[in-house]
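Me: I would like to learn how to read a few features of a protein model. Can we go through them one at a time?

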Amino acid sequence: MLKTLRDDFRIIFERDPAARNWLEVLFCYPGLQALLFHRLAHGLYALGLPFIPRLISHIARFLTGIEIHPGAVIGKGVFIDHGMGVVIGETAILGDFCLIYQGVTLGGTGKESGKRHPTLGENVVVGAGAKVLGNIQLGDNVRIGAGSVVLRDVPTDCTVVGVPGRIVYRSGVRIDPLEHGSLPDSEAQVIRMLVDRIELLEQQVQTLQQQSSVAQDQLEAALKLEYCPDQDRLTFPEQTRDSDQEYLVLTATHCRLQDRTIQEFLDGAGI
């Protein structure tokens, strides 16, 4: 127990540059205070003592703004930064050296009994306002972006952002947990690509409008364009003009929804 408390205390100096001395950390860090209350309440809860553990949890919530059910299992070196509004459910499990920011909810999705709250591996970072809901597993070194809503399991060494949470980064390399500015915005990337395609289509429409002298037979020939998946190329009737072929190839190249970035974005919700 003393080693766990020492790790809870020491991790604050490693992860918070504002921590200057032990007196300030002990009396002015609600995350540490909430963990101290929880260690006591969890010990009594494990002994089967009624009412008292919940009362201790309620007092801690009143003093710190952090609600941790005494049944939650929290590893060593966990740091709850600022912490106002953090809610950790009864059957939640947090691995060693997790980093939790303000407004995070580790909750359930219904009134089911048994294990109904998430399990976090080691070195997991959950950004401000993120919601991790249900009996799901988050692997080691996972990062959850601020404001994300995670409803499915997340493998080890992944970064998840968005609503619902989507995996946007996979790596076997451990990343500094404080580098939140490096989280990508997958939605913005996809929207940017779609806007670029809309602009391209508008240019192509203007080009078609200017080609008012195109004969009907040439248009009919263009409509007979066929795609050969076995050869991964486009085939044209012999009478199709080179300019029409160039335009149609451009359209087929830039307007296919099988683009890798978009496909990863659409598949990401399934994690």
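Reply: Start with the surface, and keep in mind that this model is predicted. Leu49, Phe51, Ile52, Leu55, Ile59, Phe62 and Leu63 make up a nonpolar surface patch, with about 700 Å² of accessible area together.

Me: Is Phe62 buried or exposed?

Reply: The relative accessible area of Phe62 is 71%. Exposed means over 50%, so Phe62 is exposed. Phe62 belongs to helix α4, residues 52-64.

Me: Which residues of α1 are buried?

Reply: The general idea comes before the case. An α-helix has 3.6 residues a turn, so residues three or four places apart point the same way. In α1, the buried residues are Asp7, Asp8, Ile11, Ile12 and Arg15. Viewed down the axis of α1, they fall within an arc of 140°, so they line one face of the helix. Their cover includes α2 (22-28), α3 (30-46), β3 (79-80) and β6 (99-100).

Me: How many salt bridges does the count come to?

Reply: Again, the general idea leads. Side chains of opposite charge can pair when their charged atoms come close. Here the count comes to two salt bridges. One joins Arg116 to Glu90, with the closest N and O atoms 2.7 Å apart. This pair links distant parts of the chain, 26 residues apart: Arg116 sits in the loop between β7 (105-107) and β8 (119-120), and Glu90 in the loop between β4 (87-88) and β5 (93-94).

Me: Which residue forms a salt bridge with Glu67?

Reply: Arg61 does, and the closest N and O atoms are 3.1 Å apart. Arg61 is partly exposed at 42% relative accessibility, and Glu67 is partly exposed at 33%.

Conventions: Residues numbered from 1 in each chain as written. Predicted model: local features only at pLDDT ≥ 70, side-chain atom pairs only at ≥ 80, totals over all residues. Heavy atoms only, no water. Buried < 20%, exposed > 50% of the residue type's maximum accessible area, 1.4 Å probe, protein only. Helix = DSSP H or I, 4+ residues; strand = E, 2+ residues; numbered from the N terminus. Arc of directions from axis to C-beta. Contact = heavy atoms within 4.5 Å. Patch = residues over 30% accessible without salt bridge, like charges linked within 9 Å, V, L, I, M, F, W, Y side chains within 5 Å. Areas by Shrake-Rupley, 256 points an atom, 1.4 Å probe, with all protein chains shown as cover. Salt bridge = Lys/Arg side-chain N within 4 Å of Asp/Glu carboxyl O.
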